[in-house]
Amino acid sequence: MELKFDNLTKEFGNFTAVDHLNLTMTKGVYGLLGVNGAGKTTLMRMLCTLLKPTEGRITCDGKDIFEMDGEYRKVLGYLPQDFGFYPEFTVKDYLLYISTLKGIPPAAARKRVKDMILKVGLSKAANKKMKKLSGGMKRRVGIAQAMLNNPKILVLDEPTAGLDPNERIRFRNLISELSEERLVLLSTHIVSDIEYIANEIWLMKDGKLMHKGRAEELIHSMEENVWECFVEKDLVSSFVKRYKISNMKSEMGGVTLRIISREKPFENAVQAEPTLEDVFLYYFGEKAGDGNGAV
Amino acid sequence: MSLEKQLRDYKKIREISPRENEILETVRKSGEAFFASEQDKVLSYHEFLWLQLKVVRKRWWVLQLILLFVLGGVLLAAQEDKYIQRSMGVAATLFVILIIPEFWKNRSCRALEVEAVSFYSLRQIYAARMMLFGIADTFLLTLFCGSVSFSLGVAFKELLVQFLFPLCVTACICFGTLCSRHILQEAVAVGLCILWSGVWLLIILNEHIYTNITLPVWAFLWGLALVSLFAALYRVLAGCNKYWEVSLDGIEI
């Protein structure tokens with residue numbers, strides 16, 4: 001299966017949310033990284049046929065997805081950022097209801113629902129009402145509903161938002177497991193989620209693709225270095241004004257700073273191994289740090 | 001050796017003791033084969049409609065039925081009071097308001113996005129719900145109008161003007177609000193319906209206005225309401241896939 005964005009553009013009035021994207025996706029996990037308002041959700045909504053492009057098109061194996069209509073949605077699974085559900089339904093009933101919408105016949109739906117409940121670890125909560133579930137459990141129901149039709153294309157918009165660290169790790173592993181034999185597009189602004197499971201990372205800013213590649217490739221694409229230094233507390237504000245600070249750690253008598261800079265920022269600074277979080281700050285620093293470069 | 005003994009021996013020789021494991025394996029494989037063949041099939045639209053019927057909460061139909069019973073009882077108790085007859089419009093508004101929670105369910109629960117990317121589109125989901133509610137409500141209203149007309153002798157013209165016309169206008173308001181691209185709350189629709197109900201009461205209880213509106217005018221208004229209702233229904237179906245066109249990452253622009 002091959003998905004292709006061909007000169008894809010989406011405008012809302014005078015605002016361009018997605019700006020002339022040309023990309024191709026095949027099997028694997030694609031991580032979409034960008035600050036809020038970068039156009040990630042708009043791109044995903046177009047991929048899910050919720051929004052029509054202003055210009056350009058998306059093709060699936062050469063066919064326009066909007067012309068494919070139900071045929072395309074049959075192979076699509078989607079977990080929206082704001083996952084809505086019917087609170088009075090039990091987990092099982094909700095999944096059976098979504099199976100109906102996905103056109104799965106009742107017998108196959110019952111089996112599939114049972115399998116998915118088991119897969120996402122909700123066996124004990126299968127007969128619980130949706131409104132009684134914790135945030136993590138709801139997200140798991142969300143991924144289960146997206147997987148009901150065994151989709152070839154899985155689109156996950158901020159799937160780990162609001163989850164505690166344990167749940168996030170579980171969720172990441174689950175996505176990784178589900179990503180075999182399908183195309184997964186995962187959007188988040190939690191860098192570590194993408195770092196672990198994405199085969200290819202796309203960095204998006206102002207609707208445009210800034211960079212794409214594997215985590216290591218993106219790290220190497222940085223034209224600045226990462227430094228670590230211990231400074232007195234009084235000096236921190238002057239460093240924040242001058243450099244992009246990716247981390248600050250208060251310690252006895254001072255602060256350890258992680259600085260992104262081409263030159264050595266301080267005499268005692270030691271060069272450190274860059275991470276994807278540093279890459280994120282390097283590309284999106286201004287927005288991420290409210291203008292002062294700090295995260 | 002008698003034939004009987006021979007047969008018994010033969011039966012003993014031919015007796016097969018089934019192995020439990022093999023039976024279970026056969027059952028499992030049959031199940032898998034059945035599941036595999038079912039998975040390739042797609043739910044037909046009438047099956048989809050039937051399953052939608054199972055999902056729709058029947059409590060709203062029960063409440064509609066109770067409302068019509070109460071209205072019938074009130075009309076029976078006040079046969080001679082023409083003002084009470086004219087106040088049927090209030091009940092008509094309530095009758096329509098009762099369908100709002102079920103129709104607005106996917107909007108108020110923010111389940112639109114998940115539903116819209118399914119094999120059966122949002123348009124088909126709304127069409128199914130409209131059809132189900134249409135059938136149920138037409139049945140209830142026919143039953144009510146028929147019984148009131150027969151037992152109380154209320155003329156069809158009166159029912160048309162005092163009950164079905166305000167009902168139709170209320171339905172227009174509801175579906176008009178529902179088809180708005182801006183996600184309006186259920187409360188907005190209910191509020192507009194109640195407002196309309198107040199306006200209607202002012203018109204209908206004012207002898208001067210009521211008596212001056214002639215039958216052709218009522219017929220014209222009734223026809224207009226009906227056309228508007230169909231237009232609103234069409235707009236819901238045509239525009240339901242454009243709900244996301246007004247917002248960017250949840251922010252309306």
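Leaving aside neighbours within four places in sequence, L183(A) is in contact with M1(A), L3(A), M25(A), T26(A), K27(A), G28(A), K152(A) and I153(A). Two residues are in contact if their C-beta atoms, placed from the backbone, lie within 7 Å. The model is predicted: local features need pLDDT of at least 70, side-chain atom pairs count only at pLDDT 80 or more, and totals for chains, interfaces and linings use all residues. Residues are numbered from 1 along each chain as its sequence is written, while chains are lettered from A and ligands numbered from 1 in the order in which they are written.

L183(A) lies in strand β8 (residues 183-188) of chain A. Strands (E, at least two residues) and helices (H or I, at least four) are DSSP runs, numbered from the N terminus. L183(A) counts as buried because it has 21 C-beta neighbours inside 10 Å. The cut-off for buried is 20 or more other C-beta atoms within 10 Å of the residue's own; 12 or fewer make a residue exposed, and values in between make it partly exposed, with C-beta atoms placed from the backbone. L183(A) is also 6.2 Å from V29(A), C-alpha to C-alpha, although 154 residues separate the two in sequence.

Chain A as a whole has 11 helices and 14 strands. Its C-alpha trace spans about 70 × 45 × 35 Å along the principal axes. Of its 295 residues, 43% are buried. Among contacts in chain A with a separation of 6 or more, 68% join residues 24 or more positions apart.

Helix α1 (residues 40-47) of chain A is mostly covered, with eight of its eight residues buried. These are K40(A), T41(A), T42(A), L43(A), M44(A), R45(A), M46(A) and L47(A). T49(A) follows α1(A) and has a positive phi, near 65°.

Six strands of chain A form an open sheet in the order β6-β7-β8-β3-β9-β10, with mixed pairing. Its edge strands are β6 and β10 (208-213) of chain A, each of which pairs on one side only. Two strands pair if DSSP finds at least two bridges between them. On average, neighbouring strands of this sheet are turned by 15° against each other, direction ignored. Strand β6 (residues 76-79) of chain A points L76(A) and Y78(A) one way and G77(A) and L79(A) the other way; all are buried. β6(A) runs parallel to strand β7 (residues 153-157) of chain A, and four bridges join them. L76(A) stands opposite I153(A) in β7(A). L79(A) has L156(A) as its bridge partner in β7(A).

A further open sheet in chain A has four strands in the order β12-β13-β11-β14, with antiparallel pairing. β12 (244-251) and β14 (270-272) of chain A stand at the edges with a single partner strand each, so one side of each has no neighbour in the sheet. Neighbouring strands here are turned by 25° against each other on average, direction ignored. Strand β11 (residues 225-231) of chain A pairs with β14(A) in the antiparallel sense over three bridges. E228(A) has V270(A) as its bridge partner in β14(A).

The contact between the chains takes 36 residues from chain A and 29 residues from chain B. On the side of chain B that touches chain A, α2 (20-40), α3 (45-55) and α9 (112-116) of chain B each supply at least two residues. The largest share, four residues, comes from α9(B). By class, this side of chain B has 17 nonpolar, four polar and eight charged residues. Here Ala, Val, Leu, Ile, Met, Phe, Trp, Tyr, Cys and Pro count as nonpolar, Asp, Glu, Lys and Arg as charged, and the others, Gly among them, as polar.

Within chain B, the axes of helix α10 (residues 122-152) and helix α14 (residues 215-239) come within 8 Å and cross at roughly 150°. That makes α10(B) roughly antiparallel to α14(B), a term for angles over 145 degrees. Axes are lines fitted to C-alpha atoms, for helices over the stretch in contact, and angles run from 0 to 180 degrees between N-to-C directions. R123(B), Y126(B), A127(B) and M130(B) in α10(B) meet L233(B), V236(B) and L237(B) in α14(B). This contact has six nonpolar, no polar and one charged residues.

Helix α6 (residues 88-97) and helix α11 (residues 156-178) of chain B pack at an angle of about 35°, with their axes 8 Å apart.

Terms used:
Parallel < 35°, antiparallel > 145°, perpendicular 65-115°, else oblique.
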